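Keep the model open as you read.

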Amino acid sequence: MRKKAAAAAAGGGGDVLREHWLVRDMFSFENVGFTRDVGNVKFLVCADCEAGPIGWHCLDDKDSFYVALERVAHE
């Protein structure tokens, strides 16, 4: 993760994440927090350390939460 100033200086437009898990029930998460609305999207973050975003949720679809595979550890 980079701070906004560091990302802008590095010419970073962000990461392109193509693979996501689709989670249908927000209560499936054990320790995930949500950011404030950014347009029509809320981003998912780790509730312990606030690292993220680890995924996103479009407010138009109340039952779809996407978790980026590259942002979480899974077995």
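Q: What counts as a helix or a strand here?
A: Both are DSSP runs, numbered from the N terminus: a helix (H or I) has at least four residues, a strand (E) at least two. By that rule the protein has one helix and five strands. Along the sequence they follow the pattern α-β-β-β-β-β.

Q: How are residues numbered, and what kind of model is this?
A: Residues are numbered from 1 along each chain as its sequence is written, and side-chain values use heavy atoms, leaving out hydrogens and water. This is a predicted model: local features need pLDDT of at least 70, side-chain atom pairs count only at pLDDT 80 or more, and totals for chains, interfaces and linings use all residues.

Q: Why is His 57 called buried?
A: Buried means under 20% relative accessible area, exposed means over 50%, and partly exposed lies in between (1.4 Å probe, protein chains only). His 57 has 6%, so His 57 is buried. His 57 lies in strand E4, residues 55–58. Buried residues make up 20% of the 75 residues in the protein.

Q: What makes Ser 64 a contact of His 57?
A: Contact means heavy atoms within 4.5 Å. Not counting residues up to four places away in sequence, His 57 touches Ser 64, and also Asn 40, Val 41, Lys 42, Leu 44, Lys 62 and Phe 65. The side chain of His 57 reaches the backbone oxygen of Ser 64 at 2.8 Å.

Q: Is Ser 64 buried or exposed, and why?
A: Ser 64 has 3% relative accessibility, so Ser 64 counts as buried. Ser 64 sits in the loop between E4 and strand E5 (65–68).

Q: What makes the pair Ser 64 and Asp 61 a polar contact?
A: A polar contact is a pair of N or O atoms within 3.5 Å; within protein, one must be able to donate a hydrogen and the other to accept it, and residues adjacent in sequence count only if both atoms are side-chain atoms. The side chains of Ser 64 and Asp 61 make such a contact at 2.5 Å.

Q: Why is Gly 39 called exposed?
A: Gly 39 has a relative accessible area of 71%, so Gly 39 is exposed. Gly 39 is in the loop between strand E2 (32–34) and strand E3 (41–46).

Q: What makes Asp 37 and Lys 42 a salt bridge?
A: A salt bridge is a side-chain nitrogen of Lys or Arg within 4 Å of a carboxyl oxygen of Asp or Glu. In this pair the closest N and O atoms are 3.3 Å apart. A search of the whole structure finds one salt bridge.

Q: What makes a set of residues a nonpolar core?
A: The members are buried Ala, Val, Leu, Ile, Met, Phe, Trp, Tyr and Cys residues, joined through side-chain atoms within 4.5 Å. The largest nonpolar core has six residues: Val 23, Phe 29, Leu 44, Ile 54, Phe 65 and Val 67. Leaving aside neighbours within four places in sequence, Phe 29 is in contact with Val 23, Leu 44, Phe 65 and Val 67.
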